[in-house]
Amino acid sequence: MTPAQLLHTSTLLGQVLGFEQPADALVSAYFRSHKKLGRQDRHEIAETVFAALRHLQKIQSVLPEPVRQSRRAALAALVLGRGISISALADCANAEETEFLGCLKAKKTEFAAQLNTAAELPEWLIAQLRTQGWSDEHILAFGRNTAAPAPLDLRVNTLQAKRDKVLAQLQDEGIRCEATPYSPWGIRLHDKSALMRHSLFLEGAIEVQDEGSQLLARLTGARRGEIIVDFCAGAGGKTLALGAAMNNSGRLYAFDVAEKRLAKLKPRMVRAGLTNISPQRIGSETDPRLERLVGKADRVLVDAPCSGLGTLRRNPDLKYRQSPERIAELAKQQATILEAAARLVRPGGRLVYATCSVLAAENERQAERFGAAHPDWQLVNAAELLPDCPELFSGSPYLQLSTAEHRTDGFFAAVWIRPE
């Protein structure tokens, strides 16, 4: 890292460590306002900022207020997170900073002895995981696996291409990749290749989507000619997968409260060649426009607003932007949204509740609450819906994906059938 790159990293990290906005949004905004930064500059700066977030427990143990010492935090991230030797930073670090980095490396044994620094998880999250029965070994494995960057997964748009042909083309081009083990549509890249200008992407043959997210679309089980509702569609990753599964037939409603998120879906629909999707902004889960669909949808997917703690590989700042109070607020919102979405399911239709969280308060407790309120709805064993993936299940009727075991984001899903 050059001194100029370190200066930019320090400035940007000072903004990110305020935790007032998502880290990826702040990084993107910073690069837009510094257009002269080259590709390598951006890579070094972004990698170091995210390394600081992934190793913040260790950094905070020696810098109690890293937001006020963002230059030292950046240097610590280079040593702890990116494996840069102290001697290699001679052009960037002064004598005091070099001494600080030496003291930091000397604490390696101390870091390993404390669960929060060994797992890189804040104390509030460790307490939540212990409360729901996780052992310290389980917590440590979760923390270590989510501290590593996520691979890039693609979903092949089956309306445009076949996975084996796309995989062969990418491999022929020298891109290291393999088929995902659980999703029949997925390809996992070993390197983060820039594919946004690739012909396969521009022509709609591939989309970026984590394999876990693809499995939620599989659980929904969309078929040709059906009426499907994606109740919290966001930017539409799962919506696009559902539309392809429907073979571009039937009617697929993509609802969301945020116009900005839905606006991102529209060009993706065009690129994918999907014409059966109807994106619609709603004011809330009680929007009157939902009334016309009450009892009519064959399948409803509720990918509820959640803490996002299953996506820490991609969004390491979330563990510092969430709190027990926020989790409690989200749980109330999730329960309300699930009740509203359930009204749209026709008799005999399927309801899927999903989050990208590992917290029982957002997952099992929500499913149990809904089941108690609707004892006539049939809880479906999710393993029966994915019979080709038995290794994803261990006796629970729910789908709970693990970054450590399954190499996906930490998605949860529960499935019900509405009584006839």
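Which residues does cysteine 356 touch, not counting residues up to four places away in sequence? Here are some notes that start from there.

This is a predicted model, in which local features need pLDDT of at least 70, side-chain atom pairs count only at pLDDT 80 or more, and totals for chains, interfaces and linings use all residues. Residues are numbered from 1 along each chain as its sequence is written, and side-chain values use heavy atoms, with hydrogens and water left out.

1. **Cysteine 356.** The answer to the opening question is Cys306, Gly308, Leu309, Gly310, Thr311, Gly410 and Phe411, where contact means heavy atoms within 4.5 Å. UniProt places the feature "active site" at Cys356, in an unreviewed entry; its positions are given in the numbering used here, feature names are shortened, and annotations may be inferred rather than shown by experiment. Cysteine 356 sits in the loop between strand S9 (345-355) and helix H18 (364-373). Helices (H or I, at least four residues) and strands (E, at least two) are DSSP runs, numbered from the N terminus. With 16% relative accessibility, cysteine 356 counts as buried; buried means under 20% relative accessible area, exposed over 50%, and partly exposed in between (1.4 Å probe, protein chains only).

2. The unreviewed UniProt entry gives "domain: SAM-dependent MTase RsmB/NOP-type" for residues 142-419. Over that range the chain is 33% helix and 21% strand, and the end C-alpha atoms are 38 Å apart.

3. **Two positive phi values to look at.** Most residues other than glycine have a negative phi. Phenylalanine 19, however, has a phi near 55 degrees; this residue is in the loop between helix H1 (3-16) and helix H2 (23-33) and is buried at 18% relative accessible area. Arginine 407 has a positive phi of about 60 degrees. Its place is the loop between helix H20 (403-406) and strand S12 (412-417), and arginine 407 is partly exposed, at 42%.

4. **Helix H11.** Which residues of helix H11 (residues 163-172) are buried? They are Val166, Leu167 and Leu170. Because they cover an arc of only 100 degrees around the axis, they lie on the same side of H11; the arc is that of the directions from the helix axis to the C-beta atoms. The face turned away from the buried side carries the exposed residues Asp164, Lys165 and Asp172. Covering the buried residues of H11 are elements including strand S1 (152-156), strand S2 (177-179) and helix H12 (199-202). After H11 comes glycine 174, with a positive phi near 85 degrees.

5. **Salt bridges.** A salt bridge is a side-chain nitrogen of Lys or Arg within 4 Å of a carboxyl oxygen of Asp or Glu, and by this rule the count comes to 29. One of them links arginine 289 and aspartate 287, with the closest N and O atoms 2.9 Å apart. Here arginine 289 is partly exposed at 42% relative accessibility, whereas aspartate 287 is buried at 8%.

6. **Salt bridges along helices.** Glutamate 329 and arginine 326 meet in a salt bridge (3.5 Å, N to O); they are three residues apart in helix H17 (residues 324-342), so about one helical turn separates them. In helix H18, glutamate 368 and arginine 365 pair at 2.9 Å, N to O, and are likewise three residues apart, about one helical turn. Salt bridges that share partners also join Asp210, Arg313, Arg314 and Asp409 into one network.
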